[in-house]
Amino acid sequence: MNTPVQSLHERTLVIKDYALSCGFSLVGIAKAEPLAQETEHFAEWLRQGFHAGMGYMERNQEKRYDVCAILPETRSVVVVAQNYYTPHQHCTDTNKGKISRYAWGDDYHDVIPEKLERIADEIKRLDPNAATKIYTDTGAILEKQWAVRAGIGWQGKHSNVISRDIGSWFFIGIILTTAEFCYDSPMQDFCGSCTACLQACPTQAIVSPYVVDARKCIPYWTIETKPDVEFPPEVAENLDGWLFGCDTCQDVCPWNRFQKPSTEDRFQPRFEETTLNLNVVQQMTQEEFSTRFRKSPVKRSKRAGLKRNALALQLAHQRQKKADSDDEHSSF
Ligand code: B12
Ligand code: SF4
Ligand code: SF4
């Protein structure tokens, strides 16, 4: 029979070992306290309009500030990191558009929750009175800030969380619980004087260190906007080959140089493709789109959205070609 573990220290070790055995690369636990400074920064981000058309970011501020507004009497925030790095690269063919690394395989919204539920069940086995609630990009929670507080990593200047062990190619999963554990310390910042991501961003979306303006960020336009929304010229002209999402700021980060491959097979690129032929996208029927992207993050853009993205890239290539040929002629 399973007996509840009594010591807080022992219980913490058991739950951390269990999370790692579920295939997560890192696990940390933070004390559930109001996120005072973080929500101040968040409010400033909203005031500046950096959330673009994501109106949902304006709602439920009390939950972002204090997780007890979600689950009363939450004591602990268990944070896990799911590595999604696979050792493949993008090809540079201009007839193709790049898919962001996180979207090469299955949708993490399908992969991670079942594993989080298993950890939540284990917490309830250890503490039968515990209540739990799981999240992975599914609610009004400042996931990156909790990852920092739980010692998973620090928030890089590109605003993603970076681990010294596995870089930044990971998703964050969260379990709120009323159970008590021993707590980790926040991770210190290891960006130092580096500014590689700010310099590499094709649209200058990292408006100052740690602050991303979604109005300029390629993933916002290629993933989050409705298919009938046109890209502003400064984005359309600087897509840098991205058809869905964008990885440039993480590609250049020195902390991603020695990434370890994910043990989760579901994140392997579907059909070994990391880019898509733009003409093929343009001709895709709804049936082909639904079959190809079933349970893939790419389905979020819808067929019409992906076609809009492909057209924007094709037009950008045409403009570039014309500019190159004009240059050639003017040099005679
Ligand atoms: C909205 C959102 C987006 C938006 C806005 C991006 C953004 N940076 O906020 C868009 C659509 C653009 C986006 C894009 C991406 N996203 Co996104 N997104 C989210 C979501 C739903 C909310 C994030 C949020 O709260 N943003 C609000 C802003 C204010 O928060 P912030 O960027 O952390 O800003 C803080 C800093 O500016 C800080 N700050 C201000 N000044 C200073 C000064 C210092 C010194 C410091 C340290 C901090 C600091 O204060 C702010 C608030 O605390 C989360 C899931 C979740 N619920 O948390 C996923 C999430 C952040 N996304 C994720 C991913 C993977 C991506 C992409 C990589 C996908 C892709 N390849 O295309 C890109 C990355 C783009 C980028 N450089 O940020 C992952 C990140 C995992 C990780 N390792 O960090 C998350 C956590 C989802 C998940 N569960 O895994 N995303
Ligand atoms: S995801 Fe792309 S557009 Fe957004 S901040 Fe990073 S490099 Fe810039
Ligand atoms: S590229 Fe440099 S500044 Fe940007 S997140 Fe990585 S280490 Fe930090």
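Modeller: A crossing of two helices is called right-handed if the near helix is turned clockwise from the far one by less than a right angle, and left-handed if it is turned anticlockwise. In this model, which is predicted, the crossing of α1 and α4 is right-handed.

Colleague: Why is α1 called roughly antiparallel to α4?
Modeller: The axes of helix α1 (residues 8-21) and helix α4 (residues 108-126) come within 10 Å and cross at roughly 160°. Angles over 145 degrees count as roughly antiparallel, and therefore α1 is roughly antiparallel to α4.

Colleague: How do you know which residues of α1 and α4 meet?
Modeller: Contact means heavy atoms within 4.5 Å, and by that rule R11, V14, I15, Y18 and A19 in α1 meet R118, I119, E122, I123, R125 and L126 in α4. By class, this contact of α1 with α4 has 7 nonpolar, no polar and 4 charged residues.

Colleague: What makes a residue part of the shell around ligand 2?
Modeller: One of its heavy atoms has to lie within 4 Å, and among the residues that surround ligand 2 are C201, P202, C217, C246 and C249. The elements that give two or more residues to this shell are α7 (218-224) and α9 (248-251).

Colleague: What classes do the residues of the shell around ligand 2 divide into?
Modeller: Cys and Pro count as nonpolar, and the shell around ligand 2 has 9 nonpolar, 2 polar and no charged residues.

Definitions and conventions. Residues are numbered from 1 along each chain as its sequence is written. Chains are lettered from A and ligands numbered from 1 in the order in which they are written. This is a predicted model: local features need pLDDT of at least 70, side-chain atom pairs count only at pLDDT 80 or more; totals for chains, interfaces and linings use all residues. Side-chain values use heavy atoms; hydrogens and water are left out. Helices (H or I, at least four residues) and strands (E, at least two) are DSSP runs, numbered from the N terminus. Axes are lines fitted to C-alpha atoms, for helices over the stretch in contact, and angles run from 0 to 180 degrees between N-to-C directions. Angles under 35 degrees count as roughly parallel, over 145 as roughly antiparallel, 65 to 115 as roughly perpendicular and the rest as oblique.
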